[in-house]
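This report describes local features of a single model.

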Amino acid sequence: MRDRLRVAVIGTGFWGRNHARVYKELAETELLAICDIDPERARSVAKQFGAKPYTNAARMLRNKDIEAVSVCTWSTSLAKEAIRAAEAGKHVLVEKPMAEDMKQAEKLVETARRKRVHLTVGFLMRFIPGLQHIKKAVETKEIGELVCATAKRVSQWPERIGDIGVVKDTAIHDIDVVLYLFGEDPIAVYAKTGTMRHKKFEDYAQIMLTFERGKSAFIESNWLTPYKTRVLTATGSEAIMTLDYITQELTVEDAEETVRPRYPMQEPLKLELQHFANCITKKERPLITGLQGLRALRIAEAALKSSATGKIVKLK
Ligand SMILES: NC(=O)c1ccc[n+]([C@@H]2O[C@H](COP(=O)([O-])OP(=O)(O)OC[C@H]3O[C@@H](n4cnc5c(N)ncnc54)[C@H](O)[C@@H]3O)[C@@H](O)[C@H]2O)c1
């Protein structure tokens, strides 16, 4: 068998630290280095996980032993760091939302293509077993025809970084899930967003997506609700499937019965990073491509445009 994939993490705040921990734990990967522009953080995370600390990503990327990186910096610097890593010939897992805007995301996809490196986006929800169950039920028609999906992702969120709003930060998870389930892009987007507590960007959003043949999806996201809900309901002509992302509980209801298929609770980040490594070392088929990241971002931008203009944004 091929050696373990030798990896590094760029940006080791709340989420990047988790990437570093999981890479350290996995049998498929070897964590060589981490980089954070905050020297104290770089030192402490590197020490905790036995990796080499850097505060300058360009310098770290010169290390030829590093084959792949996770980019977990602030959302506004994700694309720049990911492009630099791809240019250096490293395989890249870039956190969502992948880039601040479509233009940067396109440049990243193009760079990865030109440099022939693997590019994927951190859409964590895809690795929750219940979501895979729903996707399969759509493909096999166990759910019948998928008619609509609703997703709710709400909780209170302090203004920590404040570099993007709730649409690109939070709703983008559900946008990706909905595009994945329907297996096609929407033909129109209508959204209302607003700013209630956070200063710079929208902190609530209601987004309606319409697909061909009358299918639709509704996404509600905010940083205001005092309790945390993350739930998806997929309604088909034969069954309704509801997934609670927090408990990972799946409920399947049809005309006769309600069943709860049980999957062992899994850490989705572990599955995500394992899959990232296997895509490179064992040529596993990627679950999420750079292009899919770009498509989700396109819908997020259409939602923001719709809200700003008060009009439906037609996409086809
Ligand atoms: N997929 C998920 O479920 C999920 C969950 C949480 C966060 N995220 C994403 O992860 C990213 C980081 O979020 P967070 O909550 O950890 O933020 P954070 O502020 O806690 O951490 C960001 C870290 O990146 C460092 N940094 C910023 N720019 C850098 C650069 N150019 N080079 C090196 N280091 C740099 C900062 O010093 C900080 O330590 C965001 O893009 C966010 O959207 C994804």
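## Cysteines

The structure holds 0 disulfides, a disulfide being a pair of cysteine sulfur atoms within 2.5 Å. Cys279 takes part in no disulfide, and the nearest cysteine sulfur, that of Cys72, is 17 Å away. Cys279 is buried at 8% relative accessibility, whereas Cys148 is partly exposed at 25%. Here buried means under 20% relative accessible area, exposed over 50%, and partly exposed in between (1.4 Å probe, protein chains only).

## Basis of the model

The model is predicted: local features need pLDDT of at least 70 and side-chain atom pairs count only at pLDDT 80 or more, while totals for chains, interfaces and linings use all residues. Residues are numbered from 1 along each chain as its sequence is written, and side-chain values use heavy atoms, with hydrogens and water left out.

## Backbone geometry

The peptide bond from Lys96 to Pro97 is cis, with omega near 10°. Pro97 belongs to the loop between strand 5 (91-95) and helix 5 (102-115); helices (H or I, at least four residues) and strands (E, at least two) are DSSP runs, numbered from the N terminus. Met98 lies in the loop between strand 5 and helix 5 and has a positive phi, near 80°. Met98 is buried, with a relative accessible area of 0%.

Arg116 also has a positive phi, near 55°. Its position is the loop between helix 5 and strand 6 (119-122), and Arg116 is exposed at 75% relative accessibility.

## Aromatic contacts

A search of the whole structure finds 2 aromatic pairs. Rings of Phe, Tyr and Trp (its six-membered ring) pair if their centres lie within 6.5 Å; planes under 30 degrees apart count as stacked, over 60 as edge-to-face and the rest as tilted. The rings of Phe14 and Trp15 have centres 5.8 Å apart and planes at 35°, so this pair is tilted. Phe14 is exposed at 56%, and Trp15 is partly exposed at 25%.

The rings of Phe182 and Phe211 have centres 4.3 Å apart and planes at 20°, and are therefore stacked. Phe182 lies in helix 7 (residues 166-182) and Phe211 in the loop between strand 9 (204-210) and strand 10, so the pair ties together parts 29 residues apart in sequence. Phe182 is buried at 9%, as is Phe211 at 3%.

## Charges over a ring

The charged end of Arg126 sits over the ring of Tyr180, 4.1 Å from its centre. The charged end of Lys135 sits over the ring of Tyr180 at 4.7 Å from its centre. The criterion is NZ of Lys or CZ of Arg within 6 Å of the ring centre and within 35 degrees of the ring normal.
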